[in-house]
Amino acid sequence: MASTMQVVFSTRSFCARYYLNQDLRKAFETAPADPTVDLNMQLTKLAHGLLSGRYSIPAIQKDDIANDATSISKAKQEGIPPRMFKAVIAASHPEFSTMRQQDALEFFLHFLEQVERVNAGNPALDPSQSFKFGIEERISCPSGKVAYNRRVDYILSLNIPLEQATNKEQLEAFAKLKEEKTSEGKEVSSDEIVRPRVPLVACLANYSAPEEVHDFYSTALKAKTTAIKTAGLISFPDYLVLHMRKFVMEAGWVPKKLDVYIDVPNIIDISHMRSKGLQPGEELLPDAVAEDEGSQRLMANEDIVCQLVSMGFNQLHCQKAAINTSNVGVEEAMNWLLSHMDDPDIDAPISQGSKNDDDIFVDASKVDTLLSFGFQEEIARKALKASGGDIEKATDWIFSHPTASTSADMDSMSTSPPGVDAALADGGGRYRLIGIVSHIGTSTLCGHYVAHIYKEGRWVIFNDDKVGVSVDPPKDMGYLYFFERLDD
């Protein structure tokens, strides 16, 4: 939490919202009846604590203590323990209320979702929008026709292609050395270890590279086939967060952290990653015929379901996970399952097309209530249908389904409603590195997070309450990279 919040409040959007444009006294006066449970109030307190400088008093040196023992209480600072903020942000996520090691990415996404929630009535003041961007996936089937799928996200999650390492000769030599020492019963010293070095540009290229989608149902061919998927961005946010997928699953589903270096430049240009949408001459895949929906419905891959069930998951949940990820693979299905365990309709039977969503009655007054929160009518109706008409559950459903504004169904074409693209921040594709969150440890269950932030022309390390200038920041060891868009 500490490293993530330090980087977040180094951005202009959060600094302006909760510090520059928000007086602390006025915030208390305009806060709800109980400001201790108001997230905006607690973020204002935290912003003033971190950015005002009133709590950045250096600790007294030992020599000074001997001369003036009474000055300790005046000068010694133990950092800022934001207990009320932690209680508020953890209220909707009990895992963060514990003292156990938490994943920085999971906390960052949860934090932004909560900020968006409390600012839903006034999106213009919502600083989380500076991180949001659109992603477009293009799917081409052997028929020559295409489908487009759009969604929004806060982070760009990148696989690390180890085969693109630039130091392959050194890695081969190290592998031989390790084998020799192991046969002799010796251990490799830390100075002898050679780690793969993968350029960030290779990770970005891997994200945009064509990918096969097996068991894709083509409405043009009226059969399952193998399609090709490519992805790009439909908008470039003010702040781009890159997540390096360093935590992977080994055989037996044992989590492992990749011991790898990422060569990250200070300036990146992702202009080539902009998606251009439907192009002249492209023909969209036809919509599925309603009466044939039951026979054409994608069925869950039994191998994927069996593997998930063997891990202890509910069979119905596993079937839904496989279907909603188009049977791409076990890892994708498990990721979907873990992020949808709390869906209101997770235990509902899989529809066989006997009942159309259009037949479900939706109370117009409840739709109006959600519209007053700033949600789109289409999304409001979809959420109420999924939650059985419960407004509170519908609101939770919307925030747990950030892609709901566009169809996530890979078997059909989806188009964003008017104004969706315009609501997202956009600009050029050149970015400057401003922050790094690094993980020290072997897994997300243990270790420690440290932040490095570029401030006033120099890099500064934030290690809980220890702050200092970083002469050589570990830019190649980051878990989360924060980039600020350069305005040409």
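The protein has 18 helices and 16 strands, where helices (H or I, at least four residues) and strands (E, at least two) are DSSP runs numbered from the N terminus. This is a predicted model: local features need pLDDT of at least 70, side-chain atom pairs count only at pLDDT 80 or more, and totals for chains, interfaces and linings use all residues. Residues are numbered from 1 along each chain as its sequence is written, and side-chain values use heavy atoms, with hydrogens and water left out.

**Exercise 1**

Decide whether S13 is buried or exposed, and find its contacts.

Solution. Step one: locate S13, which lies in helix α2 (residues 12–20). Step two: apply the cut-offs, namely buried under 20% relative accessible area, exposed over 50%, partly exposed in between (1.4 Å probe, protein chains only). The relative accessible area of S13 is 18%, so S13 is buried. Step three: set aside neighbours within four places in sequence; S13 is then in contact (heavy atoms within 4.5 Å) with P127, S130 and Y239. For the protein, buried residues make up 42% of the 488 residues.

**Exercise 2**

Describe how helix α4 (residues 39–51) and helix α7 (residues 83–90) cross, and list the contact residues.

Solution. Step one: two packed helices are described by the angle between their axes and the distance between the axes. Step two: the axes of α4 and α7 come within 9 Å and cross at roughly 145°. Axes are lines fitted to C-alpha atoms, for helices over the stretch in contact, and angles run from 0 to 180 degrees between N-to-C directions. Step three: L39, Q42, L43, K45 and L46 of α4 meet M84, F85, V88 and I89 of α7 in the contact.
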